[in-house]
Amino acid sequence: MINQEFIVSKKLVFMGRVICIASGKGGVGKTTLAGNVGIALAQNGYSVCIVDADIAMANLSLLLGMQSSPITLHDVLLGEATINDAIYDGPKGVKIVPSGLSLENYRRVDSERLESVIDSIAGQFDFILLDVPAGIEKNVLAAISASDEVLLVATPDPPSIADVLKTKIVAQRLNRKIIGIVLNMVRGEKGEISDTDVMKMLELPVYGIIPYDPEVWKTFLHEKGGPLMVRSPNAPAALALRKTASKIVGAEIAIVHERGKNPIAGFFNRLFSIFKKKPKAA
Amino acid sequence: MVLSKVSTVVRKVASKVLDLEQTGLNEQYKMIKEASRNSKFELEVEELSQLIKLLREKHAVDSIVVAYNNGSLLISSNGSDLKEAITGTAMLSYIRSEIPKSESVFIKKSKGWYMLYPFSKKVYIVHAASNLHNVELKAIADDLESFLKKHSD
């Protein structure tokens, strides 16, 4: 049994915020951020729903091990199911609306319905996070339009920053509030764009600096996989993602002390378990 | 002058030897910063004619004509476009008579797109090089309707 202790010096009351996680460039970590920040918020006691709004290239369900969901956002946007039919329980109390993996259904889906679908559940949650596709095509526009706020994600290199700028412009055209930008996969190497320069270039606050962390890569591994926030909550990237979550909430600190999950103790437990007598199979 | 030259040389050698990072924005950064600055549009204007021109730039379209459902012109980014207003509303009216649930009309021309978007008892007639999504047309309409509401109160 893992005991968790959260120290939150301030908790504000919110009325259902719908935030989309968008970038421009693919592969910068939107899905990882949406999934793990959502879990972090849920661990802090907020009711959270994460919607995989990437209708064409759904990945959130893969990150969370929910690829076999019978009813997905595709069915909802086709008018064949209600959104409540497509809400599933995810890790640590978070709710998930997965997108379908079927290419056939993708062709039939009307992404413009997303806004009314999200509106119908906005009052049920403190936070709805939309994992938005890469690029600035129609499905991205529909997802941004379905949100109230936009959180941008980029890696600290010029192509990613240039692409996220385009997403920022698109969000501005749609009159959506851009709350900030998260810099992901930061290695601290020479040549990376610093957070100060990103703030100056994009005129946006930096909502998080997530270090490059090999633990993130293990998310999709079969046996050791699972979201970072559940599997390795003390990993550097996990701690940084929690800070991003706390910045979104407006709480000053979000610290997790997980008793019973000491990595050193865990090692000795696994070592000594080799010598423990295993029960005979029935 | 000699001292400043010496100081420049020493600084260059030091940055090479110590592998100091170059500070300050280089050309790429300046370009991104400028593009970010140029994307901001201040829509708090007094005149509708000013607003429509800003909306054309903000949404990167060739022209915006707004007409009432009866064909009368409200405003155009091209100055005066009575013919455009009448043609657009008539076309939309015909299409709706044949396809009653039409929400918007997109026509591909040899160069660019012609789009009709009905909203709030008006028709938004937009020309652009590439087709807009319905949410983008709605954003144009929202911007203009906000202005009209504010100035009618």
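In chain A, strand β2 (residues 17–22) and strand β6 (residues 127–131) run parallel and are joined by 5 bridges; two strands are taken to pair if DSSP finds at least two bridges between them. Helices (H or I, at least four residues) and strands (E, at least two) are DSSP runs, numbered from the N terminus. Within this pair, Arg17(A) faces Phe127(A) of β6(A). The model is predicted, so local features need pLDDT of at least 70 and side-chain atom pairs count only at pLDDT 80 or more, while totals for chains, interfaces and linings use all residues. Residues are numbered from 1 along each chain as its sequence is written, chains are lettered from A and ligands numbered from 1 in the order in which they are written, and side-chain values use heavy atoms, with hydrogens and water left out.

The β2–β6 pair belongs to an open sheet of 8 strands in chain A, ordered β4-β5-β3-β6-β2-β7-β8-β9, with mixed pairing. At its edges lie β4 (88–89) and β9 of chain A, each of which pairs on one side only. As a reminder for reading such sheets, strands pair through backbone hydrogen bonds, either parallel or antiparallel.

Strand β7 (residues 149–154) of chain A is parallel to β8(A), and 6 bridges join them; here Glu149(A) stands opposite Lys177(A) of β8(A). Next, β8(A) pairs with strand β9 (residues 206–211) of chain A, again in the parallel sense, over 4 bridges. In that pairing Ile181(A) is set opposite Val206(A) of β9(A).

Helix α7 (residues 158–173) of chain A makes a right-handed β-α-β unit with β7(A) and β8(A); a crossover is right-handed if, with the strands pointing away from the viewer, the path from the first strand over the helix to the second runs clockwise. A further right-handed β-α-β unit is made by β8(A), helix α8 (residues 195–202) of chain A and β9(A). Helix α7(A) lies across β2, β7 and β8 of chain A, at about 170° to β7(A). Helix α8(A) lies across β8 and β9 of chain A, at about 150° to β8(A). For these angles, axes are lines fitted to C-alpha atoms, for helices over the stretch in contact, and values run from 0 to 180 degrees between N-to-C directions; contact means heavy atoms within 4.5 Å.

Strand β8 (residues 177–186) of chain A is largely enclosed by the rest of the structure, because 8 of its 10 residues are buried, that is, under 20% relative accessible area with a 1.4 Å probe and protein chains only (exposed is over 50%, partly exposed in between). Helix α6 (residues 138–145) of chain A is likewise largely enclosed, since 7 of its 8 residues are buried; among them are Val140(A), Leu141(A) and Ile144(A). Cys20(A) is buried, with a relative accessible area of 0%, and Cys49(A) is buried with a value of 0% as well. The disulfide count over all chains is 0, a disulfide being a pair of cysteine sulfur atoms within 2.5 Å.

Taken whole, chain A holds 12 helices and 10 strands, and 53% of its 282 residues are buried. Of its contacts between residues at least 6 apart in sequence, 75% join residues at least 24 apart. Its accessible surface is about 13,300 Å², with 55% belonging to carbon and sulfur atoms; accessible areas come from the Shrake-Rupley method with a 1.4 Å probe, and for residues only the protein chains shown count as cover.

Turning to chain B, there are 5 helices and 5 strands, which follow the order α-α-α-β-β-α-β-β-β-α from the N terminus on. The 5 strands form an open, antiparallel sheet in the order β2-β1-β5-β4-β3. Its edge strands are β2 (73–76) and β3 (105–108) of chain B, each pairing on one side only, and the twist averages 15° from one strand to the next. Strand β1 (residues 63–68) of chain B pairs with β2(B) in the antiparallel sense over 3 bridges, and Val65(B) stands opposite Ser76(B) of β2(B). Helix α5 (residues 134–152) of chain B lies across β1, β2, β3, β4 (113–119) and β5 (122–128) of chain B, at about 50° to β4(B). Of the 153 residues of chain B, 38% count as buried.
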